[in-house]
Amino acid sequence: MASDHPSFFAQITARSQSIDSLLCVGLDPHRIELSASPDADEQTLCTAAYQFCTRIIDATHPHCVCYKPNAAFFESLGHGGNETLRRVVDYIHEKCPGVPVLLDVKRGDIGSTAQAYAEACYEGLEGEGVTLSPLMGWDSVEPFVTGKYSNKGAFILCKTSNPGSNDLLAVPLQQQQTLFEKIATLASEWSQRAESSSPSTNNNEPPRLGLVVGATDPQALLMARKAAGPKIWILAPGVGAQGGDLDAACQAGLNQDGTGLLIPVSRGISRAHDPGEEARKLKEGINEARKTVLEKRKSRHTDGAVMIAPYQKEFIEFSLKENVLRFGSFVLKSGRTSPYFFNAGLFSSGSALHKLGKAYAASIMASDQLVDQEGKVTFDIIFGPAYKGISLGALVCSALYSDFGVESGFAYNRKEAKDHGEGGILVGASISEKRVLIVDDVITAGTAIRESFDLLKNHNATPVGVSIALDRAEKRSLDDPLSAVQAVARDLEIPVVSIVALPQLQEFLRESPDYDVELLKKVSDYRSEYGV
């Protein structure tokens, strides 16, 4: 039966709006941080832990959306640890009415055991929400958000902030998505299932499940947000001590309204000289990052600017590091003087090639032209035209499989037909009656792509698209309004997808503190004069 008491996520939403904050304060009473000696008796340690937490609560509650006590640190105190945690929860309810408590317990079991865990969290400790592992399926989540607990909520572990999370959560599935993307999708599906099982009294209740996605991986955060949709709240740990980038996390994780994201901070506050002041600074820093994201999104609608995805930013950064991309003054074959130059041949180390393949794969999977509504790619074969395309095609084929579970064939051509052995001009997977994606570095005039297109058609294959690293997005001539890329797409009637284009490069310079406004002006002026 549904409760008339506001749900956990309704409280999160209301509290966030009322104090204009996205800060979640973690309560982690590490023994080394307590006023008592780590070797003190249990009662002394429990008292010190309680004082540690209440001191933080007293200092931070004006800025805090919710408190997140980590049960492990209380349990490690001994028999009295659970009672101490309950006292802390009671203190929050008394001192901070309207501030929900998220019990960081990371439970994950089924049946009567899950039901017992739910009772322990909600009745024994009186929390409003919990963190859960979803890997045992809906059965392990259901008791926490249905029935008499239908007004409670849970953040399920999706893509956590530790490096080892890639061992399982980034594993690609047969559905051409990673495990964490599947979990993100399930947060919405299971929330609807919970609502059907135990309907809310309020028709506008937010979903009952949120996601834990580390701020240390902005690309995963972006993918999780896309998979989950805008209504799901995301808890993004890792800002501060673990090195997560706040600006990147906000850009990737905020929904279209600039909400739906909680930034939990524990040690950064507890170890500060003045926890209250540190909480205030964090709240304001998050709000500043949020404001910047919203302003950029708004400006993109008015001045033609574009969103730069985390994989695109990373690609530009490592291209600069490898000197593949350089800024300066460069006379091109066309006679134009360009403020930047791109030479993909300088991707010449194992690490650079590895990152290059991942960037290609990410751009392909982000394209609604090469991926259908069910998340499946629209091609069967990756084709790399000789010579540059051969290595690129192999990299992309491998990265699609390792990062997204996409199994595709790989083929390439020889410049001269072989008259011995297997003979012929094509090598690798059979392309006959197959859908083929052509991979190359750039399109300058489009000659190589057109030749590849004709070659594939002559071998009974169907070219369905082109994937390139950089689209210069500039007119072929001042009298021709189309770029070489647009001309290829028009003439061959297939999409051309790039990792980045000139607009993303311009946006990168706009966002980066490492480059001055003069360079941005040069690139902007170049785009204004030659851009399509």
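The protein chain of this predicted model holds 18 helices and 18 strands, where helices (H or I, at least four residues) and strands (E, at least two) are DSSP runs numbered from the N terminus. Residues are numbered from 1 along each chain as its sequence is written, and side-chain values use heavy atoms, with hydrogens and water left out. Local features need pLDDT of at least 70 and side-chain atom pairs count only at pLDDT 80 or more, whereas totals for chains, interfaces and linings use all residues.

Along the principal axes, the C-alpha atoms of the protein chain fill a box of roughly 85 × 50 × 50 Å. Of its 532 residues, 54% count as buried; here buried means under 20% relative accessible area, exposed over 50%, and partly exposed in between (1.4 Å probe, protein chains only).

The interior comes next. A nonpolar core is taken as a set of buried Ala, Val, Leu, Ile, Met, Phe, Trp, Tyr and Cys residues joined through side-chain atoms within 4.5 Å. The largest such core has 144 residues, and within it Leu211 and Phe315 touch the most other members. Helix 2 (residues 42-60) gives the most to this core, with nine residues. Beyond residues up to four places away in sequence, Phe315 touches Phe342, Phe347, Leu356, Ala359, Ala469, Ile499 and Val500. A second, separate core of 20 residues includes Ala461, Ile468, Val485 and Leu492.

Tyr50 lies in helix 2 and counts as buried because its relative accessibility is 17%. Leaving aside neighbours within four places in sequence, Tyr50 is in contact with Thr84, Arg87, Val88 and Tyr91. From C-alpha to C-alpha, Tyr50 and Glu83 are 10.0 Å apart in space, and they are 33 residues apart in sequence. Cys121, in helix 5 (residues 111-124), is also buried, with a relative accessible area of 2%. With neighbours within four places again set aside, its contacts are Leu103, Val105, Glu126, Gly127 and Val130. The C-alpha atoms of Cys121 and Leu346, which are 225 residues apart along the chain, are separated by 56 Å.

Two helix pairs illustrate the packing. Two packed helices are described by the angle between their axes and the distance between the axes. The axes are lines fitted to C-alpha atoms, for helices over the stretch in contact, and angles run from 0 to 180 degrees between N-to-C directions. Angles under 35 degrees count as roughly parallel, over 145 as roughly antiparallel, 65 to 115 as roughly perpendicular and the rest as oblique. A crossing is left-handed if the near helix is turned anticlockwise from the far one by less than a right angle, and right-handed if clockwise.

For helix 17 (residues 502-511) and helix 18 (residues 517-530), the axes come within 9 Å and cross at roughly 160°. These two helices are therefore roughly antiparallel to each other, and their crossing is left-handed. Leu502, Pro503, Gln506, Leu509 and Arg510 in helix 17 meet Leu519, Leu520, Val523, Ser524 and Arg527 in helix 18. By class, this contact has six nonpolar, two polar and two charged residues, with Ala, Val, Leu, Ile, Met, Phe, Trp, Tyr, Cys and Pro counted as nonpolar, Asp, Glu, Lys and Arg as charged, and the others, Gly among them, as polar.

Helix 6 (residues 138-145) and helix 7 (residues 179-197) pack with their axes 10 Å apart, at an angle of about 50°. This pair is therefore oblique, and helix 6 passes helix 7 in a right-handed crossing. Trp138, Val141 and Val145 in helix 6 meet Trp190, Arg193 and Ala194 in helix 7. The contact has five nonpolar residues, no polar ones and one charged residue.

The backbone also deserves a look. Most residues other than glycine have a negative phi, and most peptide bonds are trans. Glu126, in the loop between helix 5 and strand 4 (129-132), has a positive phi near 60° and is partly exposed, with a relative accessible area of 32%. Asn323, in the loop between helix 12 (310-321) and strand 9 (325-331), has a positive phi of about 65° and counts as partly exposed at 43% relative accessibility. The peptide bond from Ala386 to Tyr387 is cis, with omega near 0°, and Tyr387 lies in the loop between strand 11 (381-384) and helix 14 (388-404).

Notes. Contact = heavy atoms within 4.5 Å.
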